[in-house]
Amino acid sequence: MGNEPLFLGKPVRPLVLGGGSWGTALAFHLASKGLPVTLWVRDETLCAMISSDRENRVYLPGAIFPKSLDVTSNIEKSLSEASFIVLAIPCQGVRETMKTLSSLGAPRLPIVSGTKGIEQKSLRMVSEIVSECYLSDPDQYAVLSGPSFAKEVVRNSPTAVVVASRSQVMAKETQSLFNTNYFKVYTRADVKGLEICGALKNVIALAAGISDGMGLGANSRAALLTRGLAEMTRLGVALGANATTFSGLGGVGDLYLTATGEQSRNRTVGVRLGRGEKLEDILRDLGQVAEGVTTAQSAHMLALGHGVDLPVTRAVYRLLYEEASLVEVLRDVMDRPMKDEEEF
Ligand SMILES: NC(=O)C1=CN([C@@H]2O[C@H](COP(=O)(O)OP(=O)(O)OC[C@H]3O[C@@H](n4cnc5c(N)ncnc54)[C@H](O)[C@@H]3O)[C@@H](O)[C@H]2O)C=CC1
Ligand SMILES: O=C(CO)COP(=O)(O)O
């Protein structure tokens, strides 16, 4: 017990929620540091398979689990043994999961969230859902985001991410916990900005994929990324975020990765949409979450509510939810009035 590492004064017992690629990668990452990690997988069949294979062959094949990584589908037992939670389930499942945790009556644990997205009905960020349903103290919450494909993290490819928390102690302790010499973690204080970055970059990545799928070329992609970053920043500032967060790893860094990296699910969905395929067919084949699809709607609604102009997001929204054609949305984006580049 003497030299055991501590997190916020307690022995480190992470409970990672989410048996998909990101939950598995984060659990693998922490367990590779020798920490006793539990990965909660909701689906019992998948949980049993992962347990016997010591590998998540469905979502993250090839990463053989370190000894200290345990897998369970029993949320109640794992919660009672944990000292903090790492959240890595799709955004639209966060509220239900937080309500389940609350109903179990166990002491509330700090949360590090790796989830990216905005809830569709409520238009809430993950930090807001968590504080409504589970944690009343925002100083116990941190968001970890930035350019980080799960597959590359478990291959120990040099990666840099950022952790934001309102509490400097929470940010710094989370940084120390996740940092290794191949996974570099920076801190910042702007939780809202980092969450908006992580959510909105997926919508712009869809747009970049659509453009590439249509064969529009490198000029178009560069224009979409740059103007996309401008609109991400515009929404963020309107909602109280710090503009500089958008030029960091969680903003331009993750936008670049997701919009140009072949591994991106959001980009892949976009490319296939741009080739004229149907969304439902693409999502069926994908079998994994592409958060940009739901975020396009949430962000569009949020922007309308706050009187913020998000032309690229609106184009993606119209394509996905209003059955607008590729030609129509391209015309909408290109026919806009001329303006100064810095105009908000
Ligand atoms: N895969 C990646 O490289 C990265 C993913 N993320 C984010 O992490 C979050 C999770 O993504 P992935 O793991 O990639 O998704 P995934 O599609 O690989 O897996 C999602 C998993 O969550 C489970 N799930 C769905 N709804 C659930 C619920 N209500 N309760 C419990 N489990 C539920 C699914 O059954 C599946 O096992 C997303 O917000 C994503 O944007 C963030 C950084 C990197
Ligand atoms: O957020 C990610 C990398 O930082 C993963 O992006 P995709 O969900 O598009 O694969």
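Reply: Strand S9 and strand S10 (residues 183-188) run parallel and are joined by six bridges. Helices (H or I, at least four residues) and strands (E, at least two) are DSSP runs, numbered from the N terminus. Two strands count as paired if DSSP finds at least two bridges between them. Within this pair, valine 163 has threonine 187 in S10 as its bridge partner.

The model is predicted, so local features need pLDDT of at least 70 and side-chain atom pairs count only at pLDDT 80 or more, while totals for chains, interfaces and linings use all residues. Residues are numbered from 1 along each chain as its sequence is written, and chains are lettered from A and ligands numbered from 1 in the order in which they are written.

Now the other neighbour of S9. Strand S8 (residues 141-145) is joined to S9 by four bridges, and the two run antiparallel. Here serine 145 stands opposite valine 162 of S9. In a regular strand, side chains alternate between the two faces of the sheet.

How many of the seven residues of S9 are buried? Six are, so S9 (residues 159-165) is mostly covered. Buried means that 20 or more other C-beta atoms lie within 10 Å of the residue's own; exposed means 12 or fewer, and partly exposed lies in between, with C-beta atoms placed from the backbone.

Together with helix H7 (residues 168-178), S9 and S10 make a right-handed β-α-β unit. Right-handed means that, with the strands pointing away from the viewer, the path from the first strand over the helix to the second runs clockwise.

An unreviewed UniProt entry gives residues 16-169 as "domain: Glycerol-3-phosphate dehydrogenase NAD-dependent N-terminal". UniProt positions follow the numbering used here, feature names are shortened, and annotations may be inferred rather than shown by experiment. Over residues 16-169 the chain is 35% helix and 19% strand. The end C-alpha atoms of that stretch are 21 Å apart.

Finally, ligand 1. It is surrounded by 26 residues, and the closest are Gly20, Trp22, Gly93, Ala150 and Gln288. A residue is near a molecule if its C-beta atom, placed from the backbone, lies within 6 Å of it. Helix H1 (21-32) and helix H4 (94-103) each supply at least two residues of this shell. H1 gives the most, with three.
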